Amino acid sequence: MAGPIEVGQSAGRDPAVWGAMATWDFKARPGAARTDWSAATLRWSGLALAAASWFSAAFFGVFILVFYLGAAPAGRLAVWNSNLPRLYEPGHPLALWSIGAHFATGAALLLLGPVQLIGAVRRRWPGVHRWVGRFYVSAAGIAGLGGLGFILAEGTVGGPPMSVGFGLYGALMVIAAAWTWRLARAGRFEAHRAWAIRLYALAVASWLYRMEYGFWLPLTHHAGHTESFTGPFDVVMAFFFYVPNLLVAELFIRAAPSKLGPAVRVTVAAGLNLATAVVLLGTYYFARYYWGPGILGG
Ligand code: HEM
């Protein structure tokens, strides 16, 4: 059993030590109060949010596979344009292959979810972690490059501001994937873990972007939004939709739940529970009015 690991300490290549670097793993931290009810509340609240987000994002992943990729064998690629104009333009092979690769790998990232971040998986099956990890970083690189290829070929529905915002997003995703892989190869597992969390936050940002629109549009009667995605809200979103995720990721990377007092733990747990309820509510509406019909009709 590995001992506690401090920030900056190299974990070496020992899979058992690597595995012990589980996020929110109270057992692996000094002074952990395993029986403390506030610690248990926080842990279960975090797990509930992770599970709800995974379920919701995976639903979106299945929708992408069935609706977008499912249209390819039947030659019905024109249905892509029912969601966004010009996703499919006959005679534009760079755009077609870029967005097609981006759909396949993006869906795979959503379906895989946070499996790589689960400490128990890393501890028990380090080989699985390594192979899924290689697949995950490759898929993230292709999803980012595919999105960038599509922007180069076609631009975006929102024009230059959206193209620049999404271009930055694609570049960040490719960089995060490359660093996650490189640091694992170099045996720098503390830094590898930090970049893997950032990469995961970026990957789920694609799902959160849709969720954020799903809440904003009905609640504000479409304030700041136009059909061509050129309103003030659209422009802000094009640049900042992944910033909240990255901030949460940074908190997560630095988090030491065992050092928090019971009152703080319970407050954080309440915030996590509220976020879980919001995710489940959004998922219900997306499943009922968008993903569900897309999957059943796809
Ligand atoms: C897990 C990662 C990702 C998933 C699951 C994903 C999914 C999708 C989906 C389903 C669409 C079609 C529109 C829709 O139904 O909403 C789309 C479009 C698009 N995505 Fe992604 N995406 C991901 C990452 C990225 C990244 C990193 C970039 C950055 C370059 C990007 C750029 C684009 C662009 C430019 C479009 C077309 C927008 C337009 O036509 O204006 N995506 N994506």
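1. H5 supplies the largest share of the shell around the ligand, with 6 residues. Helices here (H or I, at least four residues) and strands (E, at least two) are DSSP runs numbered from the N terminus. A residue counts as near a molecule or strand if its C-beta atom, placed from the backbone, lies within 6 Å of it. The shell has 23 residues, of which Gly106, Gly147, Thr156, Gly170 and Ser206 come nearest to the ligand. Two or more residues each are given by helix H3 (93-112), helix H5 (126-154), helix H6 (160-185) and helix H7 (189-220).

2. The shell divides into 15 nonpolar residues, 8 polar and no charged. In this count Ala, Val, Leu, Ile, Met, Phe, Trp, Tyr, Cys and Pro are nonpolar, Asp, Glu, Lys and Arg are charged, and the others, Gly among them, are polar.

3. Residues are numbered from 1 along each chain as its sequence is written.

4. pLDDT is the predictor's confidence in each residue, from 0 to 100. Its mean over the protein is 88, and 88% of the residues reach 70 or more. Among the elements, H6 has the highest mean pLDDT (98) and helix H1 (residues 15-20) the lowest (34). Over residues 1-31 pLDDT stays under 50, and the model has 58 contacts beyond four places in sequence for that stretch. Where pLDDT is low, the predicted coordinates should not be read in detail.

5. The protein has 10 helices and 0 strands. Two residues are in contact if their C-beta atoms, placed from the backbone, lie within 7 Å. Of the contacts with a separation of 6 or more, 72% join residues 24 or more positions apart. A residue is buried if 20 or more other C-beta atoms lie within 10 Å of its own, exposed if 12 or fewer, and partly exposed in between, with C-beta atoms placed from the backbone. By that rule 33% of the 298 residues are buried.

6. A nonpolar core is a set of buried Ala, Val, Leu, Ile, Met, Phe, Trp, Tyr and Cys residues joined through C-beta atoms within 7 Å. The largest such core has 54 residues, and Leu109, Ala140, Met173, Ala177 and Leu199 have the most contacts inside it. Elements giving two or more residues to this core are H2, H3, H5, H6, H7, helix H8 (232-240) and helix H10 (262-297). H7 gives the most, 13 residues. Leaving aside neighbours within four places in sequence, Ala177 is in contact with Val137, Ala140, Gly141, Gly144 and Leu199.

7. H5 has 29 residues and reaches 41 Å from its first C-alpha to its last, close to the 42 Å expected at 1.5 Å a residue. The expected span is 1.5 Å times one less than the number of residues. Buried residues of H5 include Tyr136, Ala140, Gly144 and Gly147. Their cover includes H3, helix H4 (119-124), H6 and H7. Just after H5, Gly155 takes a positive phi of about 75°.

8. Among the buried residues of H3 are His102, Gly106 and Leu109. H2, H5 and H7 are included in what covers the buried residues of H3. Gly113, which follows H3, has a positive phi near 55°.

9. Tyr169 lies in helix H6 and counts as buried because it has 21 C-beta neighbours inside 10 Å.

10. Two loop residues deserve a check of the backbone. His221, in the loop between H7 and H8, has a positive phi near 55° although it is not glycine. It counts as exposed because it has 7 C-beta neighbours inside 10 Å. His222, in the loop between H7 and H8, has a positive phi near 65° and is likewise a residue other than glycine. With 14 C-beta neighbours inside 10 Å, His222 counts as partly exposed.

How values were computed: Predicted model: local features only at pLDDT ≥ 70, side-chain atom pairs only at ≥ 80, totals over all residues.
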